[in-house]
Amino acid sequence: MSFARNLTVRTKILGAIGVAVLTMSAAAGISLVRINSASQTLATAGNQEATALAAAVLRTDFQFQHQKLKDILLRGSDPASYTKYTGEFGDQGKIVVAQEKVLRTDLAELHNSSFDKYLRQFDAGYANYLAKYTAALAVLHTPQDYDYQAGDAIMKGQDGPSQDALTALATGLDASATVARAHGSSSVTSSIQLAVIGFALAALLGLVAALLVARDILRRIQSMMTVAEQAAEGDLTTRAENTGNDELGRLGAGLNTTLGNLEALIARSTRPARP
């Protein structure tokens, strides 16, 4: 208490403001850290969703290539059609390879090796698919006739492993993104709530501190007013309490000095003169 009374009134007021500012700063700082972490989580969710889309695009490209294989088997019995559809199959294969590189890059940027196995499964399945395709082409044009059934038997179900790997990859990424997005959104909401609570607490602490300072100032001013009123009524023996070294304390000390001087002056003036 004595230490507080040695502080100036201005310092006390600034201290009350400082308590509120520090509390608000702490709440804002914690909220910003949490929001930044949540933003990174949401960014990760966005990247996972984009990678899932890349996997879906690759699956669609591969399905188109497989459709070109069906065109070869069903419509490639004459040389012109055979040349046309095998060319389209090869062109679509270039698109698949390019999209696979896009997906590989996206997966690398996720820094999550748990999804890499699906791309390896696709690559292995696709390599086997192309090997079977080469074998199917070798039996389509037999010396006797166009052997559709032999080619179809070789390629039957060969697209399954690659498509299943891409489906599992897209599904896993979407599920992970959903969890990350929910967590990030929840963190943002809780951070905003924390900031609101912190600001409200800061306002409350600032108000309480301001009220305490104001109550102390008013009490001391009221005490000095009482002393001044008593002195005005003729009681010069009354004194203001010792209230410290701040502005009000020095004012009270000055008032006490003034009353003491007046009391001494009156005492000297009323003292009988020596004969």
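Predicted model: local features only at pLDDT ≥ 70, side-chain atom pairs only at ≥ 80, totals over all residues.
**Ground rules**

I number residues from 1 along each chain as its sequence is written, and my side-chain values use heavy atoms, with hydrogens and water left out.

**Entry: helix α3 and what follows it**

I started with α3, which covers residues 79-110. Helices here are DSSP runs (H or I, at least four residues), numbered from the N terminus.

Which residue follows α3? I found His-111 there, with a positive phi near 55 degrees, although His-111 is not a glycine. His-111 sits in the loop between α3 and α4. His-111 is exposed, at 73% relative accessible area. My classes are buried under 20% relative accessible area, exposed over 50% and partly exposed in between (1.4 Å probe, protein chains only).

Contact means heavy atoms within 4.5 Å. Leaving out residues up to four places away in sequence, Gln-99 touches Ala-54, Val-57, Leu-58 and Asp-61.

Tyr-82 is also in helix α3, and at 18% relative accessibility Tyr-82 counts as buried. Beyond the neighbours within four places in sequence, the contacts of Tyr-82 include Ile-72, Leu-137 and Tyr-146.

**Entry: aromatic pairs**

How many aromatic pairs does the structure hold? I have 7 on record. Rings of Phe, Tyr and Trp (its six-membered ring) pair if their centres lie within 6.5 Å; planes under 30 degrees apart count as stacked, over 60 as edge-to-face and the rest as tilted.

Phe-62 and Phe-122 have ring centres 6.2 Å apart and planes at 90 degrees, so I logged the pair as edge-to-face. This pair links distant parts of the chain, with Phe-62 in helix α2 and Phe-122 in helix α4 (residues 116-140), 60 residues apart. Phe-62 is buried at 0% relative accessibility, and Phe-122 is buried at 1%.

Phe-89 and Tyr-133 are stacked, at 3.9 Å centre to centre and 15 degrees between the planes. Phe-89 lies in helix α3 and Tyr-133 in helix α4, so this pair ties together parts 44 residues apart in sequence. I found Phe-89 buried at 4% and Tyr-133 buried at 10%. Both pairs belong to one aromatic cluster, formed by Phe-62, Phe-89, Phe-122, Tyr-126, Tyr-129 and Tyr-133.

**Entry: salt bridges**

I have 5 salt bridges for the structure. Each is a side-chain nitrogen of Lys or Arg within 4 Å of a carboxyl oxygen of Asp or Glu.

Glu-88 and Lys-68 meet at 3.4 Å, N to O. Glu-88 is in helix α3 and Lys-68 in helix α2, so the pair ties together parts 20 residues apart in sequence. Glu-88 is partly exposed at 25%, and Lys-68 is partly exposed at 25%.

Asp-71 and Arg-75 meet at 3.6 Å, N to O. They are 4 residues apart in helix α2, about one helical turn. Asp-71 is buried at 8%, whereas Arg-75 is partly exposed at 49%.

Glu-100 and Arg-104 have their closest N and O atoms 2.7 Å apart. They are 4 residues apart in helix α3, again about one helical turn. Glu-100 is buried at 11%, whereas Arg-104 is partly exposed at 41%. I also noted that Glu-100, Arg-104 and Asp-123 are linked in a network of salt bridges.

**Entry: the nonpolar patch**

Last, I turned to the surface. Ile-13, Leu-14, Ile-17, Val-21, Met-24 and Phe-199 form a nonpolar patch with about 500 Å² of accessible area together. Patches take residues with over 30% relative accessible area and no salt bridge: like charges are joined within 9 Å, nonpolar side chains (Val, Leu, Ile, Met, Phe, Trp, Tyr) within 5 Å. Accessible areas come from the Shrake-Rupley method with a 1.4 Å probe, and for residues only the protein chains shown count as cover.

Which helix gives the most to the patch? Helix α2 (residues 9-75) does, with 5 residues. Val-21 is found in helix α2 and is partly exposed at 40% relative accessibility.

Technical notes
Helix = DSSP H or I, 4+ residues; strand = E, 2+ residues; numbered from the N terminus.
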